[in-house]
Protein chains: 4
Amino acid sequence: MDAMMMDAMSKDMMSMPGMETMDMSLLQACLDACSACEQACTVCSTQMLSCAPACMNCADMCNTMMRAMLRMQGMTPATMMAMLDACIAMCQQCMDECMEHADHSDVCRMCAQSCKACMDACSKLRQSMAAAAM
Amino acid sequence: MDAMMMDAMSKDMMSMPGMETMDMSLLQACLDACSACEQACTVCSTQMLSCAPACMNCADMCNTMMRAMLRMQGMTPATMMAMLDACIAMCQQCMDECMEHADHSDVCRMCAQSCKACMDACSKLRQSMAAAAM
Amino acid sequence: MDAMMMDAMSKDMMSMPGMETMDMSLLQACLDACSACEQACTVCSTQMLSCAPACMNCADMCNTMMRAMLRMQGMTPATMMAMLDACIAMCQQCMDECMEHADHSDVCRMCAQSCKACMDACSKLRQSMAAAAM
Amino acid sequence: MDAMMMDAMSKDMMSMPGMETMDMSLLQACLDACSACEQACTVCSTQMLSCAPACMNCADMCNTMMRAMLRMQGMTPATMMAMLDACIAMCQQCMDECMEHADHSDVCRMCAQSCKACMDACSKLRQSMAAAAM
């Protein structure tokens, strides 16, 4: 995500209830991790290994999460936290399934790394929101 | 969703851990409600009313939920419940925002009804899974 | 797609240059065929047969086509014809690949039928637009 | 897209009819441009300007194009060229509509630039494929 575009988004968020304190660097890291994870899962799903259905689900969930973060006007903090929980769960499952093939498939190993990175980025953002809500 | 296709899916699910007891009529109702909600939200988002970003988010989440239910091999019961929770939250928010325009926009009123129907179908499926897990 | 929602869309299209003469029954048939094809391809892609990558591409293209037809304000007739051509090409390819497995997979046979129906519905709509443009 | 993942994709393509001569640097540039364009269009669509429906269509088409290029096994050269044509047409339209607001909206100006970059990257890849097919 381009720095100027993030800047424009950041200004919009000042006027959204409960979003004023959003950590923009965590948000940007999460956006980038979702985008990378969608791409890795899409490649991995073409390998016809047992992880393929989980990879397809994970690619869709990461794209939906990424887009929703690019349209913060369309989420409340509560909705966003529920979406992040779903994305974390889906990345965890996809990572677990790809790890079973990581020894003999480079693509699965890279996909599992992308899932791990996305899960971590979503979790950090989720925790910062939960802390801000207290 | 075609009856023969649902039948093929149903057979596959017999061998998925925790999915054997899935209520196929609730699943089919949920699939259909997600599909209808994606379409209504997509139309509603073009009206340039304040609900548009929520409608776009809801359309994406409903599509992701629908596709994941068509690829049950790629979800565990726990992952599916997290996804259903996110879909329920997003439908609730979109319904609330569209209801504010329901008096003067037929499209918003229809979209709110689709969101309500999808929220209810997801909730029923979610509850049946929680009950089966006990 | 709900009849009342189609009616609301139809009214909007009266004011779009080059869209006034759109045959709404062909448009509705095309919308429904894209939706059904996305669902069939999504199920078929989980079978781990050689058609899976084409099925995933076809599911995405059909969803993109369906959504664009629900947001006619965002297309010109020329753009819409290019999108229909891409959807026709993708459905044709997916049908051809699934037909190779139609003898031993019910899901592939049903998917090929959905691709054929979608290809035909897109082609009819495409031809009616080309005729109107003359 | 990660360099190691591109490398894995590149190896797969050696065995796909008509894809052996694909220029991997043009493919990577096109993937990256589609991803950036999807993101810019998604942000731009939340501004409630007249370009919003075109932005939503363009975001979906760019995502579908990007994913299809990550699953080259699921395209023939002919299908891929039809998809690229559709993506080029959609980017052109979105750019034209956003340019009308470029003077008073930074986001529209950035979105138009992303559409232009994506259109150019798709066109270059399209031309290299047409040349290889001769």
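## Chains B and C

In this predicted model, the contact between chain B and chain C draws on 25 residues of chain B and 25 residues of chain C, and the two chains bury about 2,200 Å² between them, with 64% of that area on carbon and sulfur atoms.

There are 4 salt bridges between chain B and chain C, one of which joins the side chains of B:Glu38 and C:Arg67 at an N to O distance of 2.8 Å. Polar contacts across the interface of chain B and chain C amount to 8 residue pairs, both residues at pLDDT 80 or more. On the side of chain B that touches chain C, at least two residues each come from helix H1 (3–13), helix H2 (24–44), helix H3 (52–70) and helix H5 (106–133) of chain B, and by class that side has 13 nonpolar, 6 polar and 6 charged residues.

## Chains A and B

Chain A and chain B each bring 22 residues to their contact, and together they bury about 1,900 Å², of which 57% lies on carbon and sulfur atoms. Within chain A, the residues that lose the most area to chain B are A:Asn57, A:Asp60 and A:Arg71, which together account for 26% of what that side buries.

Between chain A and chain B there are 4 salt bridges, including the one that A:Arg67 forms with B:Asp60, where the closest N and O atoms are 3.5 Å apart. The polar contacts between chain A and chain B number 16 residue pairs, again with both residues at pLDDT 80 or more.

The elements of chain A giving two or more residues to the side that touches chain B are helix H3 (52–70) and helix H4 (77–99), with H3(A) giving the most, at 9 residues. By class, this side of chain A has 11 nonpolar, 7 polar and 4 charged residues.

How values were computed
Residues numbered from 1 in each chain as written. Chains lettered and ligands numbered in written order. Predicted model: local features only at pLDDT ≥ 70, side-chain atom pairs only at ≥ 80, totals over all residues. Heavy atoms only, no water. Contact = heavy atoms within 4.5 Å. Buried area = accessible area lost by both parts, 1.4 Å probe. Polar contact = N/O pair within 3.5 Å; in protein donor to acceptor, adjacent residues only side chain to side chain. Helix = DSSP H or I, 4+ residues; strand = E, 2+ residues; numbered from the N terminus. Nonpolar A, V, L, I, M, F, W, Y, C, P; charged D, E, K, R; others polar.
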